[in-house]
Amino acid sequence: MSTFDSILLFGPPGVGKGTQGKVLGTVPGFFHHSSGDVFRSLDKQSELGQTFLSYSTKGELVPDDLTIDIWRSDLDRRVSEGTVSATGDIVVLDGIPRNANQAELMKAHVRVLGVIHLVASDENELIERLRKRAEKEDRPDDADVNVIKRRLEIYTESTRPMLDLYDKSLIHDIDALGTPAEVLRRVLDAVIPLQ
């Protein structure tokens, strides 16, 4: 697998990483790669799909080695299909890495150009966003308030501290509250200089 120029999308569940990543992915030269979408597209009847569900329905993270294997396989497939260029595109990584071990496992495959850290000061708004998303997109991992709170705890305990792994000059704190267009303007202000 090649080494990809990458931008990492960071932030707690419900902060809008997927929304912003999808929009960035429509800009020529960027490719949005959501590990959550990859996991949710797994055949739920397959052994891998059942393993994923056994973690996600409890708000837990899939084990690191398995996560990285699935991520690499999916990105390799997309390169083979020609939907992403290993040399011409910046890959916007959404939902990965989620802890220091994953970041270490990915080091040989990504060159981090920047970290877009979406910040939301109101946890209740995040919970409400996730509950609405559960209804709209039929996502069981977003339907139960206790599962949502567990996912927010995991983010605070395991993922947020990862920001310390990256040089502060790479991190761009972006206010994630407001309309998607307002947030996008803030994200683009940070991303455009990285191209």
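This is a predicted model: local features need pLDDT of at least 70, side-chain atom pairs count only at pLDDT 80 or more; totals for chains, interfaces and linings use all residues.

Helix α6 gives the most to the lining of the largest pocket, with six residues.

The largest pocket holds about 1200 Å³ of space. Its lining consists of 49 residues, and those nearest the centre are Gly14, Lys17, Gly18, Arg133 and Arg139. Which parts of the chain supply at least two residues each to this lining? Among the strands, these are β1 at 4–10 and β2 at 30–34. The helices are α1 at 17–25, α2 at 35–40, α3 at 47–56, α6 at 123–137, α7 at 145–159 and α8 at 180–191. By class, the lining of the largest pocket has 17 nonpolar, 17 polar and 15 charged residues.

Several of these helices also pack against one another. Two packed helices are described by the angle between their axes and the distance between the axes.

I take α6 and α7 to begin with. These helices pack at an angle of about 125°, and their axes lie 10 Å apart. That angle makes α6 oblique to α7. The crossing of α6 past α7 is right-handed. On the α6 side, the residues that meet α7 are Glu123, Leu126, Ile127, Leu130, Arg131 and Arg133. Their partners in α7 are Val145, Ile148, Lys149, Arg151 and Leu152. The contact of α6 with α7 comprises six nonpolar and five charged residues, with no polar ones.

I turn now to α1 and α8. Here the angle is about 60°, and the axes are 10 Å apart. The two helices are therefore oblique to each other. Their crossing is right-handed. From α1, the contact draws on Thr19, Gln20, Val23 and Leu24. From α8, it draws on Pro180, Val183, Leu184, Val187, Leu188 and Val191. What classes of residue make up the contact of α1 with α8? There are eight nonpolar and two polar residues, and no charged ones.

Rolling a probe the size of a water molecule over the atoms shows where empty space is left. How many cavities of 30 Å³ or more does a search of the whole structure find? The search finds one. The largest cavity has a volume of about 30 Å³. It is lined by His33, Ser35, Val38, Phe39, Thr67, Ile70 and Trp71. Helix α2 and helix α4, at 64–81, each supply at least two residues of that lining. Four of the lining residues of the largest cavity are nonpolar and three are polar, while none is charged.

Finally, a point about the backbone. Most residues other than glycine have a negative phi, and most peptide bonds are trans. The peptide bond from isoleucine 96 to proline 97, however, is cis, with omega near -5°. Proline 97 lies in the loop between β3 at 90–94 and α5 at 100–106.

Thank you for your attention.

Technical notes:
Residues are numbered from 1 along each chain as its sequence is written. Side-chain values use heavy atoms; hydrogens and water are left out. On a 1 Å grid over the protein atoms alone, a cavity is a set of points where a 1.4 Å probe fits but cannot get out, and a pocket is an open set with protein on both sides within 12 Å along at least five of seven lines; lining residues have an atom within 4 Å of a point. Grid points are joined across faces, edges and corners, and a volume is the space filled by probe spheres set on the points. Helices (H or I, at least four residues) and strands (E, at least two) are DSSP runs, numbered from the N terminus. Ala, Val, Leu, Ile, Met, Phe, Trp, Tyr, Cys and Pro count as nonpolar, Asp, Glu, Lys and Arg as charged, and the others, Gly among them, as polar. Axes are lines fitted to C-alpha atoms, for helices over the stretch in contact, and angles run from 0 to 180 degrees between N-to-C directions. Angles under 35 degrees count as roughly parallel, over 145 as roughly antiparallel, 65 to 115 as roughly perpendicular and the rest as oblique. A crossing is left-handed if the near helix is turned anticlockwise from the far one by less than a right angle, and right-handed if clockwise. Contact means heavy atoms within 4.5 Å.
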